[in-house]
Amino acid sequence: MQKIIIALDGHSSCGKSTTAKRVASQLGYAFIDTGAMYRAVSLYFHEHHIALTNPHEVDEALKKIQITFHFNELKGKSDTYLNGLNVEDEIRKMYISDLVSEVSAITTVRKAMVAQQQKMGKHKGIVMDGRDIGTKVFPEAEVKVFMTADSVIRAERRQKELLEKGELIDLDEILDNLKKRDVMDSTREEGPLRQAEDAILMDTSFMTLEEQVDFVINLHDKKLAGK
């Protein structure tokens with residue numbers, strides 16, 4: 001059966017990863033969380049005190065970073081591994097959220113991650129979410145969706161996610177973080193966040209998860225049907 005590439009781009013906390021996971025599961029596709037890859041790099045840089053303004057330190061650190069995804073049967077989803085260590089919970093913490101946009105704006109970091117992502121999707125049959133999947137990583141993706149949502153709703157969703165993991169963060173702090181990330185993601189030189197010309201806009205502010213998944217799968221089915 002023919003398989004394609006589905007690219008989900010958009011702002012933080014719009015539901016990209018959750019939607020992408022469900023879509024991949026229903027279609028029998030592989031899910032690749034590119035945001036987790038940049039978070040893992042951010043964790044490595046933080047733990048090893050890498051100076052983000054020092055190109056040599058960054059380049060040497062990137063040579064030592066290996067990111068993989070392994071399915072967790074208990075959770076029913078894939079966890080992120082950094083150099084063989086499960087870092088799924090750690091990379092979701094707020095201090096990584098505060099760092100990840102700055103790290104992912106570094107040209108050499110993006111080039112290294114894009115190369116890994118393109119290798120992962122060489123045989124198609126993948127759902128990949130991020131900021132520049134439809135514009136930079138897979139401009140030839142057959143289905144492209146750009147996801148957005150009201151900033152306050154995004155902050156409330158993020159707060160709920162953090163609370164479920166034991167982190168109680170003030171809503172204003174999360175909203176400020178999201179706004180800063182939006183600016184950094186949209187203005188960086190390498191792979192900025194923007195809607196591809198052929199991407200379909202999906203505002204998830206008042207959509208259920210099921211509606212988001214159905215929206216993407218419908219686009220997939222129409223593409224395979226040649227519509």
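Strand β7 (residues 143-148) is mostly covered, with six of its six residues buried; strands here are DSSP runs of E of at least two residues, helices are runs of H or I of at least four, and both are numbered from the N terminus. Buried means under 20% relative accessible area, exposed over 50%, and partly exposed in between, with a 1.4 Å probe and protein chains only. The model is predicted: local features need pLDDT of at least 70, side-chain atom pairs count only at pLDDT 80 or more, and totals for chains, interfaces and linings use all residues. Residues are numbered from 1 along each chain as its sequence is written, and side-chain values use heavy atoms, with hydrogens and water left out.

In a regular strand the side chains alternate between the two faces of the sheet. In β7, Val-143, Val-145 and Met-147 point one way, while Lys-144, Phe-146 and Thr-148 point the other way, and all are buried.

Strand β7 belongs to an open sheet of five strands in the order β2-β6-β1-β7-β8, with parallel pairing; two strands pair if DSSP finds at least two bridges between them. The edge strands, each pairing on one side only, are β2 and β8 (200-203). From one strand to the next the twist averages 20°.

On one side of β7, five bridges link it in parallel to strand β1 (residues 5-10), and Ala-7 has Lys-144 as its bridge partner in β7. Strand β7 also pairs with β8 in the parallel sense, over four bridges, and here Thr-148 stands opposite Asp-203. Elsewhere in the sheet, β2 and β6 run parallel and are joined by four bridges. The bridge partner of Phe-31 in β6 is Val-127. Helix α2 packs on the sheet and touches β2 and β6, its direction making about 40° with that of β2. Such angles run from 0 to 180 degrees between N-to-C directions, with axes fitted as lines to C-alpha atoms, for helices over the stretch in contact.

Phe-138 sits in the loop between α6 (133-137) and β7. Is this residue, Phe-138, buried or exposed? Phe-138 is buried, because its relative accessible area is 4%. Leaving aside neighbours within four places in sequence, Phe-138 is in contact (heavy atoms within 4.5 Å) with residues including Ile-5, Gln-117, Ile-126, Met-128 and Lys-144. The C-alpha atoms of Phe-138 and Lys-122, 16 residues apart along the chain, are separated by 9.9 Å.

The pockets come next. A pocket is an open set of points on a 1 Å grid over the protein atoms alone, where a 1.4 Å probe fits, with protein on both sides within 12 Å along at least five of seven lines; lining residues have an atom within 4 Å of a point. The largest pocket holds about 1,100 Å³ of space, a volume being the space filled by probe spheres set on the points, which are joined across faces, edges and corners. Its lining has 40 residues, and Ser-17, Thr-18, Arg-92, Arg-158 and Glu-161 lie nearest the centre. Helix α7 gives the largest share of this lining, six residues. The lining of the largest pocket divides into five nonpolar, 12 polar and 23 charged residues; Ala, Val, Leu, Ile, Met, Phe, Trp, Tyr, Cys and Pro count as nonpolar, Asp, Glu, Lys and Arg as charged, and the others, Gly among them, as polar.
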